[in-house]
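Hi there,

Here is the structure I promised to pass on to you. Have a look at it first, and then read my notes below.

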Amino acid sequence: MNLKLYLQKKLEKTIKTVWPETADKNFEIEINYPPDIKFGEYTSNVALKLAPLVRQSAIEIANQIKDKIGKLPAFSGVEVVQPGFLNFYLDKKWLARQLPLILMEKEKYGRSDFGRGKKVQVEFVSANPTGPIHVGNGRGGFMGDALANILQYAGYRVQREYYVNDVGKQVGILAESVLRRYWQHQGIKIEYPEYCYQGKYIEELAAKLFLPNYKLNHVHKLEEVRDKIKGRILQKMIGNVKRLLEKKLKIKYDRWFSEKSLYNSGEVDRVIQFLKSQHWLYKSEGAIWLKTKEFGDDKDRVLIKADGEPVYFLSDIAYHWNKFTKRGFDKVIDIWGADHHGYMGRMQAAMKIIGHSGKLDILIVQLVRLVSRGQEVRMSKRSGTFITLEELVDQVGLDAARFFFLMHDFNTHMDFDLDLAKKKSKDNPVFYVQYAHARICSIIKKAKILIQGKSKKKLHKVKLPPSNQSADLEPSEVILIKELLKWPELVVDIAGNYQVNKLPFYAIDLATNFHDFYTKCRVIDGGKVNERRYQIIQASQIVLQNCLAAMGVDAPERM
RNA sequence: GCCCCUGUAGUUCAACGGAUAGAACGCCAGCCUUCUAAGCUGGACAUAGAGGUCCGAUUCCUCUCGGGGGCACCA
C-alpha cells in the first residue's frame with residue numbers, strides 16, 4: 001500500500017468534484033510528513049496550491065476538503081492547520097493490519113507498477129579500459145547499480161549497460177605502454193615516454209605478455225607489434241574491469257556494449273547519412289561539422305576531422321541512436337563523471353537533431369576527493385599516484401564503501417577521508433543498520449524455537465491480529481510501523497527523482513526506529529512470544545533486507 | 001574570460017518552496033540479573049554575506065566572497 005499515492009488520488013478526485021473549475025487544470029497535490037513524531041503523519045498542502053485557482057483562502061479550501069473527503073480507510077481523522085494544511089491521522093488498528101500484508105509480500109514489498117513496464121536503460125561507469133577504475137568511477141557505479149535496482153522495483157524494465165570505448169588513440173597507447181614495459185623487462189633499453197600510461201597495471205600486463213614471434217630485435221617495428229597485440233591487451237583490460245565491477249564490487253551489468261561494433265555494423269555511417277540528408281552537416285576547414293549550436297550547444301562540433309578520422313562524439317551519437325531507435329528505450333539515463341559535463345550540451349543537442357529529445361537524462365556525478373591527514377590526496381593517472389577503487393574497497397570493505405558513496409547526493413562534491421574510513425570503519429552507519437538486522441535475526445531465531453516447541457503451527461502463517469491487539473500499540477511500535485510503510489513511497493520517489501542517497505538515510509531511520517523499539521518493547525517476554533511484535537520484527541527484517549538489497553549491501557544474520 | 005557543481009554543528013553529510021533545520025563522528029553526563037551495549041537516554045554546537053520574489057526561503061533569482069570541475073579537429 002502506497003499511502004502517498006492513495007491519498008493523492010483521493011484528494012484529486014474530491015477536488016475535481018467540489019471545484020469543477022479545476023477539472024481541466026493541472027495542479028499539484030503535495031503530500032509530505034510533518035517533522036514531529038506525533039501520531040499524525042500526513043500533511044497535504046493542496047489547499048495552498050489551490051487557493052489562486054479557486055479564489056478562496058487556503059483555510060476555507062482545506063475545511064471544505066475536510067468535510068467532503070469523508071472517512072478514508074487508514075486514517076482516523078483529518079485536521080486543518082494554519083495556514084491551510086490538511087493533517088491526516090493514521091489509524092492505529094489499520095497500522096497493525098498492515099503487518100501481515102508486508103509478511104505476505106516479502107521481497108516484493110515495495111514493488112509496484114509505477115513504471116508500467118517502460119523500457120529504461122541505465123548506462124554507468126563506462127570508463128575507458130585503458131587504466132584502473134578509480135574512486136570517482138566507483139561512485140557512479142554504486143549509484144547506477146542502486147538506481148537500476150530501484151527502477152526495477154518501481155516497475156520499469158531496466159537494462160544496465162557499460163559502454164566500452166574500444167576505439168581510438170588511447171587503445172594504441174595502452175598497447176604501446178605495455179609493449180615498452182615488456183621490452184624493458186626483456187632487458188632491452190627502450191625509453192618510456194611521457195604519453196604512455198604509468199602504474200602497476202601496465203607492469204602486470206607486461207609480465208603476462210608473451211611474444212614468441214617477435215624477438216628482441218623487433219624494437220624498430222614497434223608500431224607493427226603494437227597493432228598486433230592491441231586487441232589482446234584490450235580484452236585483458238576489459239576482463240579486469242568486468243571482474244572488478246561484477247565479481248568484487250557486485251555491480252550488475254546486462255550488457256557490455258562495444259563502441260567498435262557501431263563502426264562494424266555500419267551504424268556510424270548510417271547516422272552520418274541521416275544527418276547529411278537532413279542538412280545538419282557542413283564542411284569547414286576540411287572537417288565535417290554538426291550544427292549543434294542551433295539546438296542549444298555553445299558551438300557547432302566536429303564529427304569528422306580534416307584527416308578523415310571520426311571523432312568520439314560521432315560514435316556516441318550513433319550509440320544513442322542505437323539505444324532509442326534500434327533498441328526502443330523509452331528513457332535512457334547516462335551517469336557521467338563531472339569531467340564530462342561540458343559534453344552534455346552537445347549530446348542533448350544531438351538528441352534533438354536525431355529526434356529523441358527529452359528521453360535522455362544525463363546525471364553528472366561530482367568528483368570524489370580523497371583526503372588523508374587533512375590533506376587532499378592528489379589523483380593523477382599520469383604519475384600513477386592514484387588510489388584505485390579496488391584498493392579503497394580492500395581497505396574499507398565493500399558494504400561500508402557502497403553505503404558511504406550512496407549517502408552523498410550525486411551532484412555534490414564529496415570528501416572521502418581515508419584515515420577515517422580505515423580507522424573507524426566500525427563507526428560507519430552501515431554497521432548500525434546491519435546491527436539492527438542482526439538483532440532481528442537473533443530474536444526470530446529464539447522465537448522460532450519457542451513457537452515450534454509449543455505448537456506445530458507454521459511460522460510463516462499469516463493471520464490478522466485480533467482488533468483488540470492494536471489498541472495497545474506502544475509509541476515506538478507505531479513509529480516503527482509507519483517507517484515500514486514509507487518504503488513503497490520511497491521507491492517511487494527515487495524512481496522519479498533519482499535521489500539514491502535517500503536509501504541509506506531511510507535505512508538509518510529504520511534502524512534507529514527499530515533500535516528504539518528494541519529497547520522499549522520485548523518480543524519475547526517471560527518465555528512467551530508476543531505475536532504482534534513478532535510480526536513487527538519480521539516486517540522490519542523484510543524491509544531492511546529489501547532496502548539493503550537495493551543498495552547492494554549485505555544483511556548479515558549475526559555480527 | 002565563459003559554462004557547470006558547490007558553501008548548513010568542530011568534522012563528514014541530510015532536509016518535494018512549508019511547521020521546532022535532521023543524523024553520524026567527536027565532546028560532556030547517564031543506562032547492561034531479561035530477545036546481541038556495534039545499542040539506548042539526556043546535553044552543548046550550524047544555514048558564508050547582502051539584497052529580491054513569496055503568506056512562507058537552507059531551497060528560487062541577483063550580486064559579493066570562498067571551494068571544485070570543465071571550456072580540443074582528445075576520449
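Let me begin with how the chain folds back on itself. In chain A, 74% of the contacts with a separation of 6 or more are between residues 24 or more positions apart. Please keep in mind that this is a predicted model.

Now for the overall picture. Chain A has 559 residues, and 37% of them are buried. Its secondary structure comes to 20 helices and 17 strands. Along the principal axes, the C-alpha atoms of chain A fill a box of roughly 90 × 60 × 45 Å.

Next, the RNA. How many residues surround RNA strand B? There are 68 of them, and the closest are Glu30, Thr43, Glu285, Gly342 and Asp409. Sorted by class, the surface near RNA strand B has 29 nonpolar, 23 polar and 16 charged residues. Several elements each supply at least two residues of this surface: β4 (85-90), α6 (169-185), β15 (414-417), α16 (429-454) and α19 (502-520). The largest share comes from α16, with 9 residues.

Among the buried residues of α6 are Val171, Leu174, Val178, Tyr182 and Trp183. What do the buried residues of α6 pack against? Their partners are α7 (200-208) and α8 (222-248). After α6 comes glycine 187, which has a positive phi, near 90°.

The other element is β15, which belongs to an open sheet of 3 strands in the order β14-β13-β15, with mixed pairing. Why do β14 (375-377) and β15 each have one side without a neighbour in the sheet? Both stand at the edges with a single partner strand, so one side of each is left without a neighbour there. On average, neighbouring strands of this sheet are turned by 45° against each other, direction ignored. As a reminder, strands of a sheet pair through backbone hydrogen bonds, either parallel or antiparallel. Here, β13 (residues 368-372) and β15 pair in the parallel sense over 4 bridges.

Enjoy exploring!

Best wishes

Key. Residues are numbered from 1 along each chain as its sequence is written. Chains are lettered from A and ligands numbered from 1 in the order in which they are written. This is a predicted model: local features need pLDDT of at least 70, side-chain atom pairs count only at pLDDT 80 or more; totals for chains, interfaces and linings use all residues. A residue is buried if 20 or more other C-beta atoms lie within 10 Å of its own, exposed if 12 or fewer, and partly exposed in between; C-beta atoms are placed from the backbone. Two residues are in contact if their C-beta atoms, placed from the backbone, lie within 7 Å. A residue is near a molecule or strand if its C-beta atom, placed from the backbone, lies within 6 Å of it. Ala, Val, Leu, Ile, Met, Phe, Trp, Tyr, Cys and Pro count as nonpolar, Asp, Glu, Lys and Arg as charged, and the others, Gly among them, as polar. Two strands pair if DSSP finds at least two bridges between them. Axes are lines fitted to C-alpha atoms, for helices over the stretch in contact, and angles run from 0 to 180 degrees between N-to-C directions.
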